[in-house]
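Okay, thanks for having me, everyone. Let me put the model up on the screen and then walk you through it from the inside out.

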Amino acid sequence: MPMTFFIDTTRCTACRGCQVACKEWQGFKANETRQRGTHQNPPDLNPLNYKLVRFAEYKENGRVVWYFLPDQCRHCVEPPCKEAADNYVEGAILQDSATGAVIFTEKTRQLTPSQMKEVIAYCPYNIPRLNKVSGMLVKCDMCIDRVRHNMLPMCVKACCTGAMNFGERDKMLKLANQRLTELKKKCPNAQLQDPEDVNVIYLLTDDPKKYYQAVNG
C-alpha cells in the first residue's frame, strides 16, 4: 500500500519544527543566510533543505492574513521527473514499489546539465535542486530509511500541532476528506491540492497560489 502525507495547513503555526527535524535527520549543516524582510528562511529549497516552511502575507479587509506552507516533494503517483530521467539514464530516479516514494539516486550524476534542467522543468511543483558539491539532483526522500522500519518521517514525528500526518494512502485520503468537509463549513474555498495525483496532499483554505506561486504549477 502506498504511503501518503496529509498536511493540514490550518494547523500549521510555522514553527519550522518539521524543517529543522528534516535537516537534522539528513545530517545537513546550517545554511549561510541573512534577514530578507520575511520570516521565511532560507529563501528557497536547496540541497541543504529538503523541506521549507513558506510564508505569505496579505492585507485583507484591514487585517493581516498569513498563509503557511510546509513545502516538499509531492512524491507524485506518476512522477514526471522520473519519466524525464528515464529517457536518458535508467535508474537515475526510482519509485519504491512498497511506499510510492520517489527516490533520486547517485545515477543522477550521469545526467548532462541540459538533461538535469529538463528533469527539474518536468516537476510541476519546482522541487528538485542540484547539489553542486555532489553533482546529484536532490530532494525529499520520504525518510525512506525510517519508513521501511515502520517509523514516521522525521517531519511528521516533529510536528506538535497535528498539521503533519502520514500513513497508508487510503487512510490519509479518508482523513483528508473528513477534515475538508469540516472546514468547508467556515471556509468555502477550502480544497485538497491534487489529491489524486500526489502522495503529499495539502489541505488549503484559499487559492493555492496565495500560498506559493509554484504550489500548483
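So, the largest nonpolar core has 28 residues, and Phe5 and Phe166 make the most contacts inside it. By nonpolar core I mean a set of buried Ala, Val, Leu, Ile, Met, Phe, Trp, Tyr and Cys residues joined through side-chain atoms within 4.5 Å. Buried is under 20% relative accessible area, exposed is over 50%, and partly exposed is in between, with a 1.4 Å probe and protein chains only. Which elements give two or more residues to this core? They are strand 1, strand 2 (52–60), strand 3, helix 4 (144–147), helix 5 (154–158), strand 8 and strand 10. Strand 3 gives the largest share, four residues. As background, nonpolar side chains tend to be buried together in soluble globular proteins.

Quick housekeeping before I go on. This is a predicted model, numbered from 1 along each chain as its sequence is written, where local features need pLDDT of at least 70, side-chain atom pairs count only at pLDDT 80 or more, and totals for chains, interfaces and linings use all residues. Side-chain values use heavy atoms, with hydrogens and water left out. Helices (H or I, at least four residues) and strands (E, at least two) are DSSP runs, numbered from the N terminus.

Now strand 1, residues 3–8. Six of its six residues are buried. Met3, Phe5 and Ile7 are on one side and Thr4, Phe6 and Asp8 on the other, so to speak a strand with both faces covered. What are its partners? Two strands pair if DSSP finds at least two bridges between them. With strand 8 (residues 164–168), strand 1 pairs in the antiparallel sense over five bridges, and Ile7 stands opposite Met164 there. With strand 10 (residues 200–204), strand 1 pairs in the parallel sense over four bridges, and here Phe6 stands opposite Ile201.

On to the pocket. The lining has 13 residues, with Val65, Trp66, Tyr67, Thr205 and Tyr211 nearest the centre. Strand 3 (residues 63–71) supplies the largest share of that lining, six residues.

Most residues other than glycine have a negative phi, and most peptide bonds are trans. Asn41 and Pro42 are joined by a cis peptide bond, omega about 0°, and Pro42 lies in the loop between helix 1 (17–26) and strand 2. Ala14, in the loop between strand 1 and helix 1, has a positive phi near 60°. Met142 has a positive phi too, near 65°, and is found in the loop between strand 7 (136–138) and helix 4. Is Met142 buried or exposed? Buried, with a relative accessible area of 0%.

How many disulfides does the structure hold? Zero, taking a disulfide as a pair of cysteine sulfur atoms within 2.5 Å. For Cys15, the nearest cysteine sulfur is that of Cys160, 4.8 Å away.

Note on methods. 1 Å grid on protein atoms, 1.4 Å probe; cavity = no way out; pocket = protein on both sides within 12 Å on 5 of 7 lines; lining within 4 Å.
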